[in-house]
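Visitor: I have a model open here. Can you walk me through parts of it?

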Amino acid sequence: MLAFDGMEALDFAGPFEVFTTAARVHARQRPGAAPLLAVSCVARSLDPVRARAGLLVLPDASLAAAPPCDWLVVPGGVVDAPLSCADTLGWIARRAGQAQITASVCTGAFLLAAAGVVRHGPVTTHWEDAAELRARFPVLQVLEGRRWVDCGPVVTSAGISAGIDMSLHLIERLAGRALAEATALQMDYRWSEDATAA
């Protein structure tokens with residue numbers, strides 16, 4: 001999971017909670033089984049990252065030292081700084097090229113588009129930012145009113161809590177419907193599945 005100053009706290013923490021909860025539920029359901037997944041936080045450096053509302057997040061690794069990943073999750077928030085950082089965009093492009101799934105929450109879709117990860121097809125973002133995404137990247141088909149859009153290797157979600165819904169969908173893709181539902185239940189979360197698959 002990428003972290004950067006100005007990210008929306010729940011864009012990051014929501015998927016983080018889904019993935020770590022799913023790993024705990026899976027371990028409880030299948031004692032002795034291999035871990036379902038491991039989540040790490042990656043940022044430009046190991047300095048604390050300050051989320052939009054002031055929450056401090058401590059990265060596990062810098063961009064330069066980040067281990068390979070199967071999934072890359074890019075949160076949204078105030079994305080001006082990462083949009084103007086060639087190192088960050090280059091890292092996103094390289095990691096997305098190696099990952100099985102690259103996902104974004106909210107304005108994280110701008111970063112995927114700027115990095116060349118999404119060049120066409122349907123995407124979504126926060127309703128307030130849809131017109132700007134469409135204007136900046138006119139080749140994209142920006143869908144509004146969808147919690148997430150699944151295009152196989154790239155999955156984008158609408159704003160903030162929609163990232164939780166998308167992350168539960170990713171758990172379903174990884175390990176099945178039952179675990180996704182058990183994860184939502186453990187989180188006491190009502191899963192909204194208003195999505196588009198392409």
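**A helix and its surroundings**

Guide: Thr183 has its place in helix H7; helices (H or I, at least four residues) and strands (E, at least two) are DSSP runs, numbered from the N terminus. This is a predicted model, where local features need pLDDT of at least 70, side-chain atom pairs count only at pLDDT 80 or more, and totals for chains, interfaces and linings use all residues. Residues are numbered from 1 along each chain as its sequence is written, and side-chain values use heavy atoms, with hydrogens and water left out.

Visitor: Is Thr183 buried or exposed?

Guide: Thr183 is buried, because its relative accessible area is 0%. Buried means under 20% relative accessible area, exposed over 50%, partly exposed in between (1.4 Å probe, protein chains only).

Visitor: What does Thr183 touch?

Guide: Setting aside residues up to four places away in sequence, Thr183 touches Val18, Thr21, Ala22 and Leu168. Contact means heavy atoms within 4.5 Å.

Visitor: Which residues of H7 are buried?

Guide: In H7 (residues 177–186) they are Leu179, Ala180, Ala182, Thr183 and Ala184. These buried residues pack against helix H1 (9–29) and helix H6 (162–175).

Visitor: At what angle do H6 and H7 pack?

Guide: The angle is about 145°, and the axes are 7 Å apart. Axes are lines fitted to C-alpha atoms, for helices over the stretch in contact, and angles run from 0 to 180 degrees between N-to-C directions.

Visitor: Which residues meet there?

Guide: From H6, Leu168, Ile171, Glu172 and Ala175 meet Arg177, Leu179, Ala180, Thr183 and Ala184 of H7. By class, this contact of H6 with H7 has 6 nonpolar, 1 polar and 2 charged residues. Ala, Val, Leu, Ile, Met, Phe, Trp, Tyr, Cys and Pro count as nonpolar, Asp, Glu, Lys and Arg as charged, and the others, Gly among them, as polar.

Visitor: What follows H7?

Guide: Asp188 follows H7, and its phi is positive, near 55°.

Visitor: New topic. Where does Ser157 lie?

Guide: Ser157 is in strand E10 (residues 154–157). Ser157 counts as buried because its relative accessibility is 0%. Leaving aside neighbours within four places in sequence, its contacts include Cys106, Thr124, Arg147, Trp148 and Met166.

Visitor: And the whole chain, how many helices and strands?

Guide: The protein chain has 7 helices and 11 strands. Of its 198 residues, 52% count as buried.

Visitor: What does the C-alpha trace span?

Guide: Along its principal axes, the C-alpha trace of the protein chain spans about 50 × 35 × 30 Å.
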